[in-house]
Amino acid sequence: MNIEYKELPDHYDFYIDNEITEELFRTLRTEVHNKVNEINETNKNNEKFKQYFDIVEDCKKQHKAINFNFFLTSFGGSIYSMFAIYDLIHELDENDNNITVNIICSGYVMSAGIVILLSSKNRFCTPNTTFMIHDLSSCYWGKLKGIEEDIEQAKKLREQYFRIVSENTQFTKEEIQRWLDCKKDYYLTSEKALEKGLIKKIIK
């Protein structure tokens with residue numbers, strides 16, 4: 001039987017550095033799933049290898065944590081693609097599969113980028129990153145009944161967006177309501193983002 005031991009790399013890097021679109025989500029999903037499948041296949045081979053050569057010290061390395069690093073820089077984009085990417089990364093972060101998910105922000109993370117940032121527990125940024133949270137933007141046309149239905153859907157999406165923000169940061173529901181009432185974009189420095197729990201650490 002020909003069994004080959006392969007040591008896994010300790011990290012994989014992914015880049016979210018463009019407008020949040022369906023195409024970005026599909027590309028990211030393919031990249032992530034390919035790496036997860038590669039990890040699973042390698043671990044399966046390692047287990048077979050260990051059965052025959054259980055005294056080999058290197059086999060212990062198969063259980064080391066692998067970092068999935070998501071580098072995030074975005075002005076925002078589609079709210080539906082935002083939630084799709086959030087679910088993709090959040091599932092990785094929650095599953096017990098020896099994968100540690102890190103999100104590293106730089107430059108600017110705004111609008112839809114904020115929810116993607118909150119998909120992981122491990123959130124970092126460089127010192128001069130700017131963050132921005134605001135209400136949903138949209139436009140409608142067509143028959144009145146259709147517009148009314150679109151507005152109701154927009155309210156549900158807004159509720160989802162700000163629920164994720166309030167559950168994963170130190171921002172209160174009262175603070176969020178004040179932003180909505182003022183109808184303004186809310187900008188944060190990296191220091192303020194750290195203070196409010198949007199990120200966990202500023203890295204240099």
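Which helix supplies the largest share of the lining of the second largest pocket? Keep that in mind as we walk through this predicted model, where local features need pLDDT of at least 70, side-chain atom pairs count only at pLDDT 80 or more, and totals for chains, interfaces and linings use all residues. Residues are numbered from 1 along each chain as its sequence is written, and side-chain values use heavy atoms, with hydrogens and water left out.

**Whole chain.** Start with a cartoon view. The protein has six helices and seven strands, taken as DSSP runs numbered from the N terminus (helices H or I, at least four residues; strands E, at least two). Along the sequence they read β-α-β-α-β-α-β-β-α-α-β-α-β. Of the 204 residues, 40% count as buried, that is, under 20% relative accessible area with a 1.4 Å probe and protein chains only (exposed is over 50%, partly exposed in between).

**The core.** Now select Ile16, Phe68, Phe70 and Phe131, which touch the most other members of the 50-residue largest nonpolar core. Helix α2 (residues 79–94) gives this core its largest share, eight residues. Such a core is a set of buried Ala, Val, Leu, Ile, Met, Phe, Trp, Tyr and Cys residues joined through side-chain atoms within 4.5 Å.

**The second largest pocket.** Next, show Arg158, Glu159, Phe162, Arg163, Ser166, Glu167, Lys173, Ile176, Gln177 and Leu180, the lining of this pocket. Here is the reply to the opening: α4 contributes six residues, the largest share. Both α4 (144–168) and α5 (173–182) supply at least two lining residues each. A pocket is an open set of points on a 1 Å grid over the protein atoms alone, where a 1.4 Å probe fits, with protein on both sides within 12 Å along at least five of seven lines; lining residues have an atom within 4 Å of a point. The space in this one is about 240 Å³, a volume filled by probe spheres set on the points, which are joined across faces, edges and corners.

**Two loop residues.** Move to Lys196, in the loop between α6 (190–195) and β7 (201–202). Is this lysine buried or exposed? Lys196 counts as buried because its relative accessibility is 13%. Leaving aside residues up to four places away in sequence, Lys196 touches Thr169, Gln170, Phe171 and Glu175, a contact being heavy atoms within 4.5 Å.

Finish at Ser111, in the loop between β3 (99–110) and α3 (112–117). Ser111 is not a glycine, yet has a positive phi of about 55°. Its relative accessibility is 14%, so Ser111 counts as buried.
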